[in-house]
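Hello,

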Amino acid sequence: MNIGEVEARTGMTRANIRFYESKGLLSPIRAGNDYRYYSEKDLASLLKIKLLRQLHVPIDDISRLQSGELALSDALSEKLSQLEADVAQRMTAAEICRDISTAGVGYDELDAPKYLSRITNASLAVPSFFTVRGDELPQAPHPWRRYFARSLDVLIYSLIWIVICSQLFRVNPLGQGFVRVLNFLIPYALMLIVEPVLLSTLGTTPGKWVFGLVLKTASGKKLTFSAAFDRILMVYRYGLGYLVIPIYSIYRLYVSYVACKKNELPWDEANAYTLTDKKPVRIAAFFLAHIIIYLLLLSVLLQAQMPRHRGDVTADEFAQNFNDLMDYYGLDYDKHLDNTGKWAENPPDNTYHLTILGPPPSDFDITETDGVVREIRYEMTRTDGQPISSFYLSEHMDVLNLAIRSCVCAQKGINIINQFSVLAPETKSFVGGFTYTKAGITVTCTTDYQGYDKAREDLLMPIENAQQYFHLVFSMEKTG
């Protein structure tokens with residue numbers, strides 16, 4: 001029989017039947033068209049469920065009865081005790097109502113302590129008919145769901161900040177020092193602005209939406225922007241401890257965890273916070289959202305390392321690519337490339353620069369034909385008799401790798417995934433030289449030295465009483 005026939009024969013609504021199915025109390029046969037077909041056995045089960053539910057037997061007990069974990073006599077004996085206690089409570093309530101009515105007093109003259117003492121002194125079973133525990137606004141007492149919902153929101157705000165930081169400000173978000181602090185604090189600052197907007201317009205946030213959490217006022221309306229802003233300030237104060245002292249923040253999280261379990265979070269006392277459902281798909285969506293966000297974060301970080309000008313670049317575009325990437329990686333020589341590849345002093349800006357210590361970089365010699373760079377050369381010579389080490393060469397390697405990024409990575413066929421395959425080999429390879437071709441650009445590094453002994457692959461030691469000479473030539477030539 002179909003669900004319409006079951007409704008007619010049981011007197012139950014379709015919503016009732018679907019609810020019991022969702023609780024696993026009923027398992028009708030599903031045909032190929034996804035329609036449900038109910039047997040006479042299903043009908044009998046529904047009638048039993050209807051009877052027991054009208055006797056207020058809990059759903060969990062019915063499930064245990066069906067599985068054989070609970071005897072029907074035990075379930076009904078427990079329910080009988082509860083009903084008898086409820087009857088006694090209701091009779092006491094009736095007597096108190098009758099006595100107050102007979103006394104003929106008004107609301108202002110009502111002696112509440114007198115009658116409350118009768119309720120307190122009565123030996124009534126728990127849960128009591130007289131409880132006011134249900135007179136509360138729902139506050140979603142699910143601390144872990146709420147915590148992970150907020151963590152997902154913070155991750156989204158982190159993505160927004162990484163995009164702004166790397167693409168707009170051209171600051172490497174993986175840099176050291178103050179940038180790392182900003183990476184932690186800015187997402188929470190964004191949440192202070194964005195969350196009130198979302199709550200006042202949608203009643204939820206991305207993280208809350210994934211977990212089925214909805215925040216409304218006591219009257220069922222969306223929070224105003226002001227109320228939502230005040231709420232997030234209280235979250236920062238009481239829930240996160242202002243994020244100032246890590247140990248204190250952890251303590252505040254624990255206190256908030258306990259308060260959430262008791263429906264006593266201070267920032268939601270006047271709000272109705274509800275959980276629509278606990279479907280497992282929401283947990284899966286949470287992890288899927290993390291995967292997607294981390295992939296987006298990775299793509300943003302990789303894109304930030306690509307040159308701004310792509311294709312066949314001019315000398316000026318090469319210099320712009322170089323200067324942009326130099327700023328992004330935080331390499332400060334207190335100079336920048338001009339449009340011919342020569343180093344020019346930065347204009348004074350009245351700020352302190354921590355200039356990189358090391359050998360001054362050489363100028364680039366750029367050959368441009370018909371608006372396309374054909375060759376870029378870089379030469380450096382050392383004759384001071386000092387060792388040639390990987391540490392010394394690393395400064396030149398940074399410059400040359402920036403040049404490779406600015407020219408080779410700009411070519412067609414180079415993308416955010418394979419961009420690292422075009423970078424120069426390790427520093428020690430500069431001692432012996434290397435050559436390779438990528439994207440129609442042949443990259444070559446040759447070295448010539450005298451008066452040095454190769455102590456290691458990455459170290460040349462000067463020979464005593466010999467004239468030292470080290471010469472490095474690096475070039476990128478367009479062959480395609």
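A polar atom of the side chain of Q419 lies 3.1 Å from the backbone oxygen of L302. That falls under polar contact (a pair of N or O atoms within 3.5 Å; within protein, one must be able to donate a hydrogen and the other to accept it, and residues adjacent in sequence count only if both atoms are side-chain atoms).

This is a predicted model: local features need pLDDT of at least 70, side-chain atom pairs count only at pLDDT 80 or more, and totals for chains, interfaces and linings use all residues. Residues are numbered from 1 along each chain as its sequence is written, and side-chain values use heavy atoms, with hydrogens and water left out.

Q419 sits in the loop between α14 (390-407) and α15 (429-432); helices are DSSP runs of H or I, at least four residues, numbered from the N terminus. Q419 counts as buried because its relative accessibility is 0% (buried means under 20% relative accessible area, with a 1.4 Å probe, protein chains only). Leaving out residues up to four places away in sequence, Q419 touches L302, Q305, M306, R405, C409 and I414 (contact means heavy atoms within 4.5 Å).

Now the pockets. A pocket is an open set of points on a 1 Å grid over the protein atoms alone, where a 1.4 Å probe fits, with protein on both sides within 12 Å along at least five of seven lines; lining residues have an atom within 4 Å of a point. The largest pocket has a volume of about 600 Å³. Its lining has 25 residues, and Y147, R150, G239, L240 and L253 are the closest to its centre. α7 gives the most to this lining, with 8 residues.

Regards

Terms used: Helices (H or I, at least four residues) and strands (E, at least two) are DSSP runs, numbered from the N terminus. Buried means under 20% relative accessible area, exposed over 50%, partly exposed in between (1.4 Å probe, protein chains only). Grid points are joined across faces, edges and corners, and a volume is the space filled by probe spheres set on the points.
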